[in-house]
Amino acid sequence: MAKITIVAPANTMRNLDTKMINIGIKNLSNLGHTISINKESFFDIDNIGGTITQRASSVNSAILNKNTDIIMAAFGGYNCNDLIEHIDFVELYRTKKSLIGYSDITTLLNAYYTITGGISFHGPGFGTFCDPNLPKDTINGFIKALNLKNSEERIIQPNVTASDLWFLKNDFTPREWKPHPKWRAINEGETKGTLIGGNIESLLNLIGTKYCPDFNNKVLLLESSFNTNPNQFRMWVSHLQACGVFNKISGLLIGNFTECSIKKFSDSYLDILISEFVPRTIPILANFSSSHTDPILTVPIGGVIHMKLSDNKIEIYMSLT
């Protein structure tokens with residue numbers, strides 16, 4: 001299988017419990033992968049994984065490492081945008097290595113696509129695999145995405161979801177699983193396009209830079225972090241609208257919100273928000289399972305998403321081209 005190198009381009013791994021690290025290595029090893037962790041991942045400057053030079057060097061060394069097939073972020077956090085001018089995206093594309101992560105890693109995934117047209121993956125980081133109760137949907141989605149070809153693969157909604165702080169519990173358990181909110185169409189329709197986006201806060205860091213993707217005819221994924229304030233989310237969506245983004249895209253996937261975020265939202269919050277900022281002609285799916293909740297499904301940034309949305313039928317497919 002693959003040789004995976006763990007890097008920390010955002011928050012440090014220094015505070016990650018040794019027991020958790022061993023669980024993460026075991027979970028990935030059980031899938032047949034070989035794991036190595038770059039030493040810079042444990043550097044710590046105010047909870048960031050080192051200086052700009054140290055973090056960029058760690059990622060670039062993984063790109064150049066002949067014993068690396070997949071570069072996996074430890075987790076997200078903040079300040080990946082520090083690195084976009086210092087990472088050798090062209091060499092990453094040339095070596096055909098896969099880059100995977102979510103949250104603040106959104107910045108790197110989209111910058112990579114913008115500069116090279118290469119495909120990376122919005123999906124679980126190493127921290128996700130440190131869960132001893134790692135959900136099968138996360139595992140299966142990870143495997144499916146890494147084996148993705150040009151033919152379409154259907155993405156299936158998980159039955160349950162959780163967003164509890166499992167890593168703060170004794171023995172990291174039990175998880176607080178609840179029924180997964182149904183994937184639902186806010187705007188109906190069918191569309192097919194290249195997938196861009198991820199975490200909305202991190203994506204906004206690319207606006208106005210040469211690393212920002214072209215939004216024309218793209219399917220845009222937007223998800224938000226733990227404990228999102230509804231007024232903040234509205235502010236971010238309003239910013240994208242002011243930049244003309246929603247008049248350019250062909251489809252929109254809105255990630256499943258964490259439970260603590262949902263408690264702050266009214267039942268009609270999302271529908272009203274979307275009606276104010278996004279044209280009704282744009283097909284929109286809500287509660288998509290590639291966000292800060294578990295399970296997290298892996299999807300290809302720079303790959304293709306095909307959506308068929310109606311009141312009585314939701315079909316989502318992904319492919320490399």
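Where in the chain is L165 found? Look at the loop between β7 (160-161) and β8 (178-179), and you'll see L165 there. Keep in mind that this is a predicted model. L165 has 35% relative accessibility, so it counts as partly exposed, since that label covers values between 20% and 50%.

Now let's turn to the rings. Searching the whole structure turns up eight aromatic pairs. One of them is F89 with Y112, a tilted pair with 6.2 Å from centre to centre and 35 degrees between the planes. F89 belongs to helix α3 (residues 89-94) and Y112 to helix α4 (residues 106-116), so this pair ties together parts that are 23 residues apart in sequence.

Another pair is F233 with F257: the ring centres are 5.2 Å apart and the planes stand at 85 degrees, which means the pair is edge-to-face. F233 sits in helix α8 (residues 230-242), while F257 is in the loop between β12 (251-255) and α9 (259-262), so here the pair ties together parts 24 residues apart in sequence. Both F233 and F257 are buried, and along with F265 and Y269 they form one aromatic cluster.

For one more ring, find W177: the charged end of R175 sits over it, 5.0 Å from the ring's centre.

Finally, zoom out. An unreviewed UniProt entry annotates residues 4-123 as "domain: LD-carboxypeptidase N-terminal". Over that stretch, the chain is 35% helix and 16% strand, with its end C-alpha atoms 14 Å apart.

How values were computed
Residues are numbered from 1 along each chain as its sequence is written. This is a predicted model: local features need pLDDT of at least 70, side-chain atom pairs count only at pLDDT 80 or more; totals for chains, interfaces and linings use all residues. Side-chain values use heavy atoms; hydrogens and water are left out. UniProt positions are given in the numbering used here, feature names are shortened, and annotations may be inferred rather than shown by experiment. Helices (H or I, at least four residues) and strands (E, at least two) are DSSP runs, numbered from the N terminus. Buried means under 20% relative accessible area, exposed over 50%, partly exposed in between (1.4 Å probe, protein chains only). Rings of Phe, Tyr and Trp (its six-membered ring) pair if their centres lie within 6.5 Å; planes under 30 degrees apart count as stacked, over 60 as edge-to-face and the rest as tilted. A charge sits over a ring if NZ of Lys or CZ of Arg is within 6 Å of the ring centre and within 35 degrees of the ring normal.
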